[in-house]
Amino acid sequence: MLNPSDFPNAIAFAFEAVGGIGAAAKVCQRSYQALNKWRLAACLPRTDYTGETRYAELLATAAQKNGHSFEAAWLLEASSPHKAAA
């Protein structure tokens, strides 16, 4: 079983849970390069936090089919972008 604490961030864990960045790119219908940017930034695109897209839900569903369950809400919370204080 995959453990989120074994990964550098929640996005990297989610991608591995669905079978890697390539598999996650297919699930989200985005390029490998786009998802690699998400992994490096350790957060999903802004549109997932505003409800315009549902990448966290797509990844959670695909991960469950692979036997690695996590909640979409957990992924959104764990990968929430942190704004620096002004």
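**Figure 1. Thr47, a buried residue of helix H4.** At 18% relative accessibility, Thr47 counts as buried (under 20% relative accessible area, with exposed over 50% and partly exposed in between; 1.4 Å probe, protein chains only). Thr47 is found in helix H4 (residues 46-49); helices (H or I, at least four residues) and strands (E, at least two) are DSSP runs, numbered from the N terminus. Apart from neighbours within four places in sequence, Thr47 is in contact with Glu52, Thr53 and Tyr55, contact meaning heavy atoms within 4.5 Å. The structure is a predicted model, in which local features need pLDDT of at least 70, side-chain atom pairs count only at pLDDT 80 or more, and totals for chains, interfaces and linings use all residues. Residues are numbered from 1 along each chain as its sequence is written, and side-chain values use heavy atoms, with hydrogens and water left out.

**Figure 2. The aromatic pair of Trp38 and Tyr55.** A search of the whole structure finds six aromatic pairs. In one of them, Trp38 and Tyr55 lie 4.9 Å apart centre to centre, with 45 degrees between the planes, a tilted arrangement. The pair links distant parts of the chain, as Trp38 belongs to helix H3 (residues 32-41) and Tyr55 to helix H5 (residues 55-65), 17 residues apart. Rings of Phe, Tyr and Trp (its six-membered ring) pair if their centres lie within 6.5 Å; planes under 30 degrees apart count as stacked, over 60 as edge-to-face and the rest as tilted. Both Trp38 and Tyr55 are buried.

**Figure 3. An aromatic cluster.** Phe7, Phe13, Phe70 and Trp74 form one aromatic cluster. Of these residues, Phe13 is among the buried residues of H1.

**Figure 4. The contact of H2 with H3.** The axes of helix H2 (residues 21-28) and H3 come within 9 Å and cross at roughly 110 degrees. Axes are lines fitted to C-alpha atoms, for helices over the stretch in contact, and angles run from 0 to 180 degrees between N-to-C directions. H2 and H3 are therefore roughly perpendicular to each other (65 to 115 degrees; under 35 is roughly parallel, over 145 roughly antiparallel and the rest oblique). From H2, Ile21, Gly22, Ala24, Ala25 and Cys28 meet Tyr32, Leu35, Asn36, Trp38 and Arg39 of H3. By class, this contact has seven nonpolar, two polar and one charged residues. Ala, Val, Leu, Ile, Met, Phe, Trp, Tyr, Cys and Pro count as nonpolar, Asp, Glu, Lys and Arg as charged, and the others, Gly among them, as polar.

**Figure 5. The contact of H1 with H3.** Helix H1 (residues 10-18) packs on H3 at an angle of about 140 degrees, with the axes 7 Å apart. The two helices, H1 and H3, are therefore oblique to each other. Ile11, Ala12 and Phe15 of H1 make the contact with Leu35, Trp38 and Arg39 of H3. The residues of this contact divide into five nonpolar, no polar and one charged.

**Figure 6. The surroundings of H1.** H1 is mostly covered, eight of its nine residues being buried. These are Ala10, Ile11, Ala12, Phe13, Ala14, Phe15, Ala17 and Val18. The buried residues of H1 pack against H2, H3, H5 and helix H6 (72-78). In the protein, which has six helices and zero strands, 36% of the 86 residues count as buried.
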